[in-house]
Amino acid sequence: MAPPEVITKCARCHGDTGRNTYKNVPNLAGQQKQYLENQLRALRESSLVPNDPLIIRKRSYPFMSPHALFLSDEEVRALADYFSTRVCR
């Protein structure tokens, strides 16, 4: 499976295959597709309403949320599909 074009938004920190390049960055490779979709959507929502405590509790990360802000639903699905099929070794 070829990586989606939007992978460039993720690859700098999470690597082209979802295996992180930094010690404190989580691996995306091998995560469940639905989990990844839910997390990306929650990060996107936390950027739209940054001071809403209910949304912040769902998923908020100051560095990641702005990167997820402009992801379309199609891009979210493509990223989740791609990373869920990668192997984390």
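Which residues line the largest cavity? Lys-9, Cys-10, Leu-40, Met-64, His-67, Leu-71 and Leu-79 do. The model is predicted: local features need pLDDT of at least 70, side-chain atom pairs count only at pLDDT 80 or more, and totals for chains, interfaces and linings use all residues. Residues are numbered from 1 along each chain as its sequence is written, and side-chain values use heavy atoms, with hydrogens and water left out.

**Overall fold**

- The protein chain has five helices and zero strands, where helices (H or I, at least four residues) and strands (E, at least two) are DSSP runs numbered from the N terminus.
- Along the sequence the pattern reads α-α-α-α-α.
- The protein chain has 89 residues, and 34% of them count as buried; buried means under 20% relative accessible area, exposed over 50%, and partly exposed in between, with a 1.4 Å probe and protein chains only.
- Among contacts (heavy atoms within 4.5 Å) in the protein chain between residues at least 6 apart in sequence, 62% join residues at least 24 apart.

**Nonpolar core and aromatic pair**

- In soluble globular proteins, nonpolar side chains tend to be buried together.
- A nonpolar core is a set of buried Ala, Val, Leu, Ile, Met, Phe, Trp, Tyr and Cys residues joined through side-chain atoms within 4.5 Å.
- The largest such core has 15 residues, and Ile-7, Leu-36, Leu-40, Leu-71, Leu-79 and Phe-83 touch the most other members.
- Two or more residues of this core come from each of α2 (33–48) and α5 (73–84), and α5 gives the most, with five residues.
- One aromatic pair is found in a search of the whole structure.
- That pair is Tyr-82 with Phe-83, in an edge-to-face arrangement with 5.4 Å centre to centre and 65° between the planes.
- Rings of Phe, Tyr and Trp (its six-membered ring) pair if their centres lie within 6.5 Å; planes under 30 degrees apart count as stacked, over 60 as edge-to-face and the rest as tilted.
- Tyr-82 counts as buried because its relative accessibility is 4%, and Phe-83 is buried with a relative accessible area of 2%.

**Arg-44 and Leu-71**

- Arg-44 is found in helix α2 and is buried, with a relative accessible area of 15%.
- A polar atom of the Arg-44 side chain lies 2.7 Å from the backbone oxygen of Leu-71.
- The Arg-44 side chain also makes a polar contact with the side chain of Asp-73 (2.7 Å).
- A polar contact is a pair of N or O atoms within 3.5 Å; within protein, one must be able to donate a hydrogen and the other to accept it, and residues adjacent in sequence count only if both atoms are side-chain atoms.
- Leaving aside neighbours within four places in sequence, Arg-44 is in contact with Ala-68, Leu-69, Leu-71, Ser-72, Asp-73 and Val-76.
- Ala-42 and Ala-68 are 26 residues apart in sequence and 8.9 Å apart in space, C-alpha to C-alpha.

**Cavity and pocket**

- On a 1 Å grid over the protein atoms alone, a cavity is a set of points where a 1.4 Å probe fits but cannot get out, and a pocket is an open set with protein on both sides within 12 Å along at least five of seven lines; lining residues have an atom within 4 Å of a point.
- Grid points are joined across faces, edges and corners, and a volume is the space filled by probe spheres set on the points.
- The count comes to one cavity of 30 Å³ or more, and about 40 Å³ of space lies in the largest cavity.
- The largest pocket has a volume of about 530 Å³.
- Its lining holds 23 residues, of which His-14, Val-25, Pro-26, Leu-28 and Met-64 lie nearest the centre of the pocket.
- At least two residues of this lining come from each of α1 (8–14), α2 and α5.

- Pro-26 lies in the loop between α1 and α2.
- Cys-88 lies in the segment after α5 and counts as partly exposed, at 39% relative accessibility.
- Not counting residues up to four places away in sequence, Cys-88 touches Arg-19, Asn-27 and Ala-29.
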